[in-house]
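This report describes the overall build of one protein chain and then turns to a single pair of its elements. Please examine the sequence and the structure before reading on.

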Amino acid sequence: MTPNIDPIIHIDEELCTGCRRCAAVCPVDAIIGEAGTPQRIDAHRCVVCGQCVQTCAAYAAESDPSLTSRAEKLRQRGQLSSVREPLFAAYSTGHAIELKEALADPKRYKVVQCAPVIRVSLAEEFGLPLGTLTPGKMAAALRLLNFDRVYDTNFGADVTIMEEGSELIGRVMSGERLPMFTSCCPAWVKHAETAAPHVLDHLSSCKSPMQMVGALVKTYSAELDGIAPADILSVAVMPCTCKKFEAGREEMNVDGLREVDMVITTRELAQLIKDKGIDFINLPDEPFDSPLGKYSGAGTIFGATGGVMEAAIRTGYELVTHESIPNLQLDFIRGDEGIRTATVQIGDLELKVAMVAGLKYVSSILEQVAGGTCPYHFIEVMACPEGCVSGGGQPKLLLETQRKSAYQARKSSIYRHDSNQKVRKSHENPAIIKLYKDFLGEPLGHTSHHLLHTKFFSRKVKGELK
């Protein structure tokens, strides 16, 4: 099964009123059209972040006989016939129909992973307060949907810190290819490839946590379960519409097999749960499966802006100094939309870091890198306004006045989940320690390079961009 990487974000010309709210939130000016007329998307420039989907307010009137039928629109959008929510003009291609059929196939071994923020937003689709934390109900619901293994992208986040932190330390010590940018956010990576290929050597070579878990599902986990990798259906539940694009990238395979066969969003998971008639609110809590379901608090904060940086510093500090970090809660890293900078004392090193939340803010840093004047060692970039909590695949906020409070509630739940974890540093996660001892060997070793690292390529078209 090969994920579809045809244009994933669409604007329905029958429904678009030309209000251009979508154009106002697009960070890369990929939406084209005059006010009052249907808009179009420049698929090459688009980073598939889905912010236009989140903000679109034009929807189909059920009583308008001039429109294509609702049933046909649902089919075109890849949505289940049971979906009852309004159909907005801007939408992302869905994969719930394909997944429902695949889950009914007894010959496939179905494995799922869930991104950190799904557990703090899924409950909103069932009427619970914004930011309600429900990891146990989510795991139970996924088993009722017929998944054989319920794993966690947070595990991949912990692996990312082991690999990316080691890569950063090596670059800082050698002084080569600095600053180093994070590569977890696929929309940021696509933007760098399209608009700023001069920084590609500065991106970490790490695959994203989702792709790392996908690679380990079809190797490490397959060996432990005695399952042929070709028989595994690897599914990811993500807050991000661009993850559908990332999973379909040609290089994201392990020994000829897709690492992640299918990606659905938070909204699509809620649709599948409702379609099956599962009483989500009253489900008893269940645990994730071992070993790829065990994670640290550092893994879970990847879902908020600054989370990757904070997790990396927790581990990097201890790997460099061989001392415990004095304070695990790095409030100076945390924040909202925009650019934040800090200097972190790690032994004798003054590590200069920057966090970019919202792709529209990254241009000044890209200019500094091009001019050789960028003062930072390590830069985290998240395309969406406040990181994954505000991703394009998250529950849609129908009232603009809800937006800030929703983002804050989701972030607060993530940080509360971290603070309640017994293990809060990636390198102290027992499942991570065992993974390296039994399978990977060491960070940046031969097996890690084969499975967990990649290369990024220029997508720039001469004369097409400014």
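## Secondary structure

The chain contains 16 helices and 15 strands. The model examined here is a predicted one.

## Overall dimensions

For a chain of 466 residues, a compact globule would have a radius of gyration near 23 Å. The chain has a value of 21 Å, which agrees with that expectation.

## Interior, contacts and surface

Of the 466 residues in the chain, 61% are buried. Among contacts with a separation of 6 or more, 75% are between residues 24 or more positions apart.

## The packing of α8 and α15

How do two of the helices meet? Helix α8 covers residues 209-225, and helix α15 covers residues 430-440. Their axes lie 12 Å apart, and the two helices pack at an angle of about 85 degrees. Angles of 65 to 115 degrees count as roughly perpendicular, and α8 is therefore roughly perpendicular to α15.

On the α8 side, the residues in contact are L216, T219, Y220 and E223. On the α15 side, they meet K434, L435 and F439. Grouped by class, the residues of this contact between α8 and α15 are four nonpolar, one polar and two charged.

Notes
Residues are numbered from 1 along each chain as its sequence is written. This is a predicted model: local features need pLDDT of at least 70, side-chain atom pairs count only at pLDDT 80 or more; totals for chains, interfaces and linings use all residues. Side-chain values use heavy atoms; hydrogens and water are left out. Axes are lines fitted to C-alpha atoms, for helices over the stretch in contact, and angles run from 0 to 180 degrees between N-to-C directions. Helices (H or I, at least four residues) and strands (E, at least two) are DSSP runs, numbered from the N terminus. Angles under 35 degrees count as roughly parallel, over 145 as roughly antiparallel, 65 to 115 as roughly perpendicular and the rest as oblique. Contact means heavy atoms within 4.5 Å. Ala, Val, Leu, Ile, Met, Phe, Trp, Tyr, Cys and Pro count as nonpolar, Asp, Glu, Lys and Arg as charged, and the others, Gly among them, as polar. The radius of gyration is taken over C-alpha atoms; the globule rule is 2.2 Å times the number of residues to the power 0.38. Buried means under 20% relative accessible area, exposed over 50%, partly exposed in between (1.4 Å probe, protein chains only).
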